[in-house]
Amino acid sequence: MSRIGKLPVALAKGVTATVNGGVVTVKGPKGELKLPVDSGVQVEVTEKGVAVTRRNDAKHNRCLHGLFRALINNMVTGVSTGFARGLEIEGVGYTAKAENPRKLSLNIGFNAPVVMEPPEGVTVETPKPTIIMVKGCDRQKVGQFASEIRGVRPPEPYKGKGIRYSGEHIIRKAGKAVGGKSA
């Protein structure tokens, strides 16, 4: 039995979960998320929380057991507290500006600013010109949009300029060695 899958998902205060026709719906103060469930996994809402069981011990069902429990746990966490991913911009003159929660403008060394629009349910904030906060209730969408922002100008290994995740360590390379043998 899956060690992760056998644990019930506790519902936080103000969060409700329903299962209808193979779709799990979780509602909370931050929003509503839906997840279609595979036919090899059965989801039930009990007084302890949301329980995930597999229909039989086929390999495919064993693989999905812990996965769907973790996905439902992320849904409950997302609609109750939400998810956030921070990005830092390194480089002279590199800045970001959230024009509104639905638009992000990046000035990162190109001849024109790069304007990005987050997906539905994701908001972008810039507390400082060099810090970007991506927030939302869907963990996958938050991580995907943060990855797309980082992909516009990933950090380069020589000077470290570019967009990186908060706390990410970039391994620096040595530049060309100066000097050598003279003839």
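A residue counts as buried under 20% relative accessible area, as exposed over 50%, and as partly exposed in between (1.4 Å probe, protein chains only). The model is predicted, so local features need pLDDT of at least 70 and side-chain atom pairs count only at pLDDT 80 or more, while totals for chains, interfaces and linings use all residues. Residues are numbered from 1 along each chain as its sequence is written, and side-chain values use heavy atoms, with hydrogens and water left out.

The structure holds three salt bridges. Each is a side-chain nitrogen of Lys or Arg within 4 Å of a carboxyl oxygen of Asp or Glu. R150 and E168 form one of them, at 2.8 Å from N to O. This pair links distant parts of the chain, 18 residues apart: R150 lies in helix α2 (residues 139-152) and E168 in the segment after β12 (162-165). Helices (H or I, at least four residues) and strands (E, at least two) are DSSP runs, numbered from the N terminus. R150 is partly exposed at 21%. E168 is partly exposed at 24%.

D57 and R54 also meet in a salt bridge (3.0 Å, N to O). D57 is exposed, at 53% relative accessibility. R54 is buried, at 16%.

Strands are paired if DSSP finds at least two bridges between them. Strand β7 (residues 95-100) pairs with β8 (residues 103-107) in the antiparallel sense, over five bridges. N100 has K103 in β8 as its bridge partner. Strands β8 and β9 (residues 114-116) run antiparallel and are joined by three bridges. Here L106 is partnered by V114 in β9. Six residues lie between the strands of this hairpin, where G109 takes a positive phi near 95°.
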